[in-house]
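Hi everyone, thanks for coming.

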Amino acid sequence: MTARLARTLCSLAAVALTVACTNYYEIPIETPIRPKLDVSAFQRVLVAGFIAGGSEDVDGNLETTRLLRSQLRTKSEMRVIDTDVLPLMDVASETRATSENAQPNEAQGTAPGVIKEDSDLEPYEHVFADVEYWKRIGEEYQQPLIVTGTVMFAPQARSGIVQRDQEVYDSFGRRRVVPVRTYMERKGFVLKPRFIFIDGRTGTVLHSENFREEILYNANQTSPALSSYFELMDRLIPSFLSTLSSQKIKGTRVLLQ
Amino acid sequence: MRLLSLLFAFLLTLSVAPLAADARSDAKKQVEFGIAVSQRGLWREAIYRWERAAQIDPTYAAAHNNLAIAYEHEGELDKARAAYEKALELEPNNTFIKQNYELFKEINDRTTRPDTL
């Protein structure tokens, strides 16, 4: 009995000693993140426009251009050029027509100018590699950094088993939260932008980045397409900005003694 | 002969043990000073102190952990990763170091997205 008590006391002392010996201090830190792209050569940025498709309720070209311009105005050191959005789909169609004598989407059987799926974007994507075109645009706007790309914002529906927390009360009235697996039909939106950064001096692509964000709601819940679009864009804006400007990420770490 | 070598080993242990204890004690002083200055925002000085601590006692996990945090604060992410990995190598079950490293990785991954051109 005495030996067991001594052992218990010893182990308690050991635990207390370990806790006492592990001195730690929480400290706030700010991690500076260097931009992925060196934009020091540019004083101006032109968000030229996007080839967009998917939902008919949201003009992905106009909304994305407006949103990125306003974000860059407040969070970037470059001067944002205010100008009309470039009609990139028309430009792509024209250049393709002159080179191949055929309209985009004709091969797929879709009405020209209608982008419903990712594959519908392909006939237009050659415009981003058109060095002469971008060089001309660059000359027109005093050789800025050009931001362009594609934006697919489309409705989606999904059904399957979903795990969610449910409150239950036992016979004594005590509340518990238990995970419950239920079959649900959900609908929402998926946003797939591809941002392309072009050197306005040479017309060449400097950097390109793909994103994918989605949001799903219960089937009986209605959410306007435009508000879902902004919610999804909100998630990826920090990553977009970190391509062009340095950012500081706040956090807390534990210093040890 | 065997007894003699055992005796020699024992004496060697006795003579080395205080040296190791001294090294840890010196390193600990540097670590403590580093913590004090980092709390006042003097991160470059803290880095100097923790680098000294890690030199004096390379097995001191806390020195490497703190150094990693300071490098992270200064934006030297490659150095921070190496210091965290060293700290974890020394104390793989230390939850504080593991937590710090996980938070660091989350930030570091943002800067190295694989789907870029």
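First, some housekeeping. This is a predicted model, in which local features need pLDDT of at least 70 and side-chain atom pairs count only at pLDDT 80 or more, while totals for chains, interfaces and linings use all residues. Residues are numbered from 1 along each chain as its sequence is written, and chains are lettered from A and ligands numbered from 1 in the order in which they are written.

Let's begin with strand 5 of chain A, residues 175–199. Two strands pair if DSSP finds at least two bridges between them. Which way does strand 5 of chain A pair with strand 4 of chain A, parallel or antiparallel? The sense is antiparallel, over 25 bridges, with strand 4 of chain A covering residues 145–169. One bridge to look for joins Met152(A) to Lys192(A) in strand 5 of chain A. The two strands make a hairpin with 5 residues between them, and Gly173(A) in the turn has a positive phi of about 80 degrees.

Strand 5 of chain A also pairs in the antiparallel sense with strand 6 of chain A (residues 205–210), over 5 bridges. There, Phe195(A) has Glu209(A) as its bridge partner. This is a hairpin too, with 5 residues between the strands and Gly203(A) in the turn, at a positive phi of about 85 degrees. Strand 7 of chain A (residues 213–218) is another antiparallel partner of strand 5 of chain A, over 6 bridges, and in that pair Arg186(A) is bridged to Asn218(A).

Now please find helix 2 of chain A, residues 60–75. Its 16 residues reach 22 Å from first C-alpha to last, close to the expected 22 Å; that expectation is 1.5 Å times one less than the number of residues. Which residues of helix 2 of chain A are buried? They are Gly60(A), Asn61(A), Thr64(A), Thr65(A), Leu68(A) and Leu72(A). Buried here means 20 or more other C-beta atoms within 10 Å of the residue's own, exposed means 12 or fewer, and partly exposed is in between, with C-beta atoms placed from the backbone.

Over to chain B, which has 5 helices and 0 strands. Of its 117 residues, 30% count as buried. In helix 4 of chain B (residues 77–90), the buried residues are Ala80(B), Ala83(B), Tyr84(B) and Ala87(B). They cover an arc of only 100 degrees, which puts them on the same side of the helix. Asp78(B) and Glu89(B), on the other side, are exposed.

Last, the contact: chain B gives 22 residues and chain A gives 24, where contact means C-beta atoms, placed from the backbone, within 7 Å. Helix 5 of chain B gives the most to chain B's side, with 7 residues. Thanks, and I'm happy to take questions.

Definitions and conventions: Helix = DSSP H or I, 4+ residues; strand = E, 2+ residues; numbered from the N terminus. Arc of directions from axis to C-beta. Contact = placed C-beta atoms within 7 Å.
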